[in-house]
Amino acid sequence: MGNEAMARGAIEAGVSVATGYPGTPAAEIIDTLGRVAKDVGMYVEWSVNEKVAFEIALAASYSRVRAISAMKHVGANVAHDSVATAAYMGARGGLLLISCDDPGSWSSQNEQDNRIFAMHAYLPVIEPSSPQEAKDAVAYALDLSERLGHPVMLRSVVFLSHATGDVVLGPVRGDVNKEPVWERNVDVAVFDARGARINRSRLLERWERIREAMNEVPFNDLEIVDASVNGRRLGVIAAGLAYSYVVDALRWLDLEDKVSLLKLSTTYPLPARLVGRLLGSVDDVLVVEELEPFIEMQTKALAYEIGASAGIHGKKYLPVARELNPRKVYSALAAFAEVGGRGFSREDALMENVIPRRPPVFCPGCPHRMSFYALRKITRSKKPIYSGDIGCYGLGYLPPFEVIDTIIAMGAGMGLANGFSLLFPDRTTIAVVGDSTFFHASIPALVNAIHHNRKMIAVILDNDVTAMTGDQPHPGTARDAMGNPAKRVMIEEVAEGAGARYVEVVDPTDIRRSEQAFRKAVATDGVSVIVLRRPCELIRVREKLRAGEKLEPYQIDLERCTACKICYDLFSCPAIMRLDDGKAMIDTDLCTGCGDCARICPFNAVVPLRELEGRVGA
Amino acid sequence: MSDDVLDVVIAGVGGQGTITGAAVLGRAGVIAGYKVRGIDNRGLAQRGGAVMSHVRIGRDVNSAMVMDGEADVLLGFEPSEALRRAYFIKQGGWILLNTKPIPPITVTIGRESYPDIDGIIRTFKDDAGARVLAFDASELANEAGNPITLNTVMLGAFSALDTLLRPGHLEAAIRESFRRKLQDVNLVAFQLGREKALELLRSRSG
Ligand SMILES: Cc1ncc(C[n+]2csc(CCOP(=O)(O)OP(=O)(O)O)c2C)c(N)n1
């Protein structure tokens, strides 16, 4: 996998410190390093959020050891405040920020292009085109960072991070410093007005050297051909992953030796000499890049500067939104070169078939289902505003629960709740937040609500892990990224310490107690915090199977089932199916034996399968 | 799009082992001495969503994604998911279909209806112009002794097709990919899938 390849690159480059906060498509970089940390002598951390993660890496670089910090694109927003000044500070040990962007928003709230983020923060950007290059680029970028004394960004995208392929491993470097050195130097590390001004000039000087260095990066490659297509000399600039689509498409279109090609890996700042040479050799250029016309704009500016007259095209032929794929690139190249190519009417017709949607659902046994079942039952009639957040529990916005009305950004659930409770003091405002989300960026907003005496309920869904991104630990988990024991920070203690009026911890399995807690919270003035604590079911199941135990599924006793619909309509577990007569049936292959449906069935019609079989047998 | 590249798309439901299946296939490509590229469209970590993997094997493959209408083989682990990805298959390509449906929640709670399996197969043949081998692979996985061997049943069926990969490459990849404890059951599943596909191929030509 691309992410595993990047992890390997960090090992080969002699990285001492690797940090991150989980997020798809970046998570497997730190997951992978955490598993091998002890063997390779690296410190690996899942930090409380991206800002802290980056700051640890920055401290490591300042202490002359190498560090990487890996995060998803929106994670970089959280780190941005420190990143934006890091470039002024420069790097001592190699410092690499890995940003995994998500064109297509496959698992994200937006598809922001972090090359623009890098431009704002003065980070040079390297974009690899394959898993092999991703590994090599991590190691190269760390060398470059150290040589130039400047942090670097490696930008991956979802279909590179999750790409698979053969990768040739390199040796692990033995000559890299791994001993931290403390050297106080307020000139580069204290940003008062004087520090900011001095380092701003130094930054701009360094930037000139960085510009120059971009022309030498080995992942760039320019091939000029002396040929024309339909009377025009054509060129293509293919950035990062798009290069792999371009190479195949040019072959399919039989344009392989007829078009000049710049494989571009340093997308900011542009390697001006290479781009200039291409512009001087062709009549028209097509820039193939995902998301914003970032290279296209820079190329147009450069052409103006050097007086090149080639036509520069990009988003005229390719979409700004969503990821690129072979078909989009093939069609764009065919149109650009005016060579026809194949059509796709058969494929388009096949896409028209009516297929039932398969939305993601809470897993069988997921504790969030039970929490939301109770939350809906007690609060729905009060018509509250449910200010939700991001995580597995975010699915609670869907029927049948509908206990989430907004999902914007991590931490925004508690923040918006501050706003809604201000604007609608007569309604109940309920923030619905996961445990990892709570620690990540919700605590300041909770403190703000308490300080301003808002009437608000914070519902915290504590399943012990960051489930959505692959069960990573967070400050409330008893282990760290390397599998070492870690101190659990208790959510209820944070809430009590901050002065919440009513704090309760309940197991959502105990539906009577959670209903009671919600009722009391609704009646409480000020801020209530209800922590619903039960581990992610995937973990329970995994541990059970590992221990060689069997799951004990439940089944419906059809004699007692009255077809009341509660279990499949209001509870909606994927293991429970509706029979034609309206009664329910459990798919015992999917059932994990959590027993939750047995707890909510008013007719005691859900029983352990073993019991039912025993009865039938008798 | 050329004879020396093998393009495979795998479609299924989270939890069915499609990603492992794709990894074994890719490993077989490496063992056979080819370049391998692929992607796993993982979406979120939640189970039960639609998942898809692409595997491209050949002397010179670059893109990790298969182009629409260019897959040599579509491995459908689940009928409606195979239909969702049918636009990848090329004219005359092979669709290997596990006929056991996993109805999505939209169907189990009665909001949408599940397409008829014979209709799906007709669409594959008539509209997509594909060749189809359809059988209950989930049943064969149970027969092998463990439902999680569905992916190796499908790979066994795949090994009956004439492609760049020989059955030996796939068997070697299975041995490399699974822990000791799981190797035997997976090799049994592979054989069951392979024999089933050979039988279906014989009855096609007969
Ligand atoms: C700034 C930012 N970082 C990371 C992510 C990726 N991400 C999505 S949800 C989530 C956390 C989910 O964990 P938790 O709050 O514990 O809820 P659970 O999934 O366990 O229900 C993360 C890290 C994100 N969307 N935004």
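Residues are numbered from 1 along each chain as its sequence is written, while chains are lettered from A and ligands numbered from 1 in the order in which they are written. Because the model is predicted, local features need a pLDDT of at least 70 and side-chain atom pairs count only at pLDDT 80 or more, whereas totals for chains, interfaces and linings use all residues; side-chain values use heavy atoms, with hydrogens and water left out.

A:Cys100 stands opposite A:Ser156, a residue of strand 6 of chain A.

The loop between strand 4 and helix 5 of chain A deserves attention next. A:Ser105, which has its place in this loop, shows a positive phi of about 45° although it is not a glycine. With a relative accessible area of 27%, A:Ser105 is partly exposed, the classes being buried under 20%, exposed over 50% and partly exposed in between (1.4 Å probe, protein chains only).

A:Asp113 takes part in two salt bridges, a term that stands for a side-chain nitrogen of Lys or Arg within 4 Å of a carboxyl oxygen of Asp or Glu. One of them joins the side chains of A:Asp113 and A:Arg115 at 2.9 Å, N to O, and both of these residues are buried. The other links A:Asp113 with A:Arg155, the closest N and O atoms being 3.4 Å apart. Because A:Asp113 lies in the loop between strand 4 and helix 5 (114–121) of chain A and A:Arg155 lies in strand 6 of chain A, this pair ties together parts that are 42 residues apart in sequence. A:Arg155, like A:Asp113, is buried. These contacts belong to a network of salt bridges that links A:Asp101, A:Asp113, A:Arg115, A:Glu127, A:Arg155 and A:Glu289. Over all chains, the structure holds 55 salt bridges. Another of them is formed by A:Glu347 and A:Arg342, with the closest N and O atoms 2.9 Å apart; in this pair A:Glu347 counts as buried at 2% relative accessibility, whereas A:Arg342 is partly exposed, with a relative accessible area of 25%.

On the surface, A:Asp221, A:Glu223, A:Asp254 and A:Asp257 gather in a patch of negative charge. Such patches are made of residues with over 30% relative accessible area and no salt bridge, like charges being joined within 9 Å and nonpolar side chains (Val, Leu, Ile, Met, Phe, Trp, Tyr) within 5 Å. A:Asp254, one of the residues in this patch, lies in the loop between helix 10 (242–252) and strand 10 (259–264) of chain A and is exposed, with a relative accessible area of 54%. A:Asp462, by contrast, is found in strand 16 (residues 456–462) of chain A and counts as buried at 4% relative accessibility. The C-alpha atoms of A:Asp462 and A:Asp435 are separated by 4.7 Å, although the two residues are 27 residues apart along the chain.

Several backbone details remain in chain A. The peptide bond from A:Tyr268 to A:Pro269 is cis, with omega near -10°, and A:Pro269 is found in the loop between strand 11 and helix 11 (272–281) of chain A. The peptide bond from A:Pro399 to A:Pro400 is also cis, with omega near 5°, and A:Pro400 is found in the loop between strand 14 (385–387) and helix 16 (412–423) of chain A. A:Lys565 has a positive phi of about 80° although it is not a glycine; this residue lies in the loop between strand 19 (554–556) and helix 21 (566–570) of chain A and is partly exposed, with a relative accessible area of 39%.

In chain B, B:Ser113 has its place in the loop between helix 3 (105–108) and helix 4 (117–127), and is exposed, with a relative accessible area of 60%. B:Ser113 and B:Leu170 are 57 residues apart in sequence and 37 Å apart in space, C-alpha to C-alpha.

Note on methods:
Areas by Shrake-Rupley, 256 points an atom, 1.4 Å probe, with all protein chains shown as cover. Lys, Arg positive; Asp, Glu negative; His and termini not counted. Charge placed at Lys NZ, Arg CZ, Asp CG, Glu CD. Helix = DSSP H or I, 4+ residues; strand = E, 2+ residues; numbered from the N terminus. Pairing = 2+ DSSP bridges.
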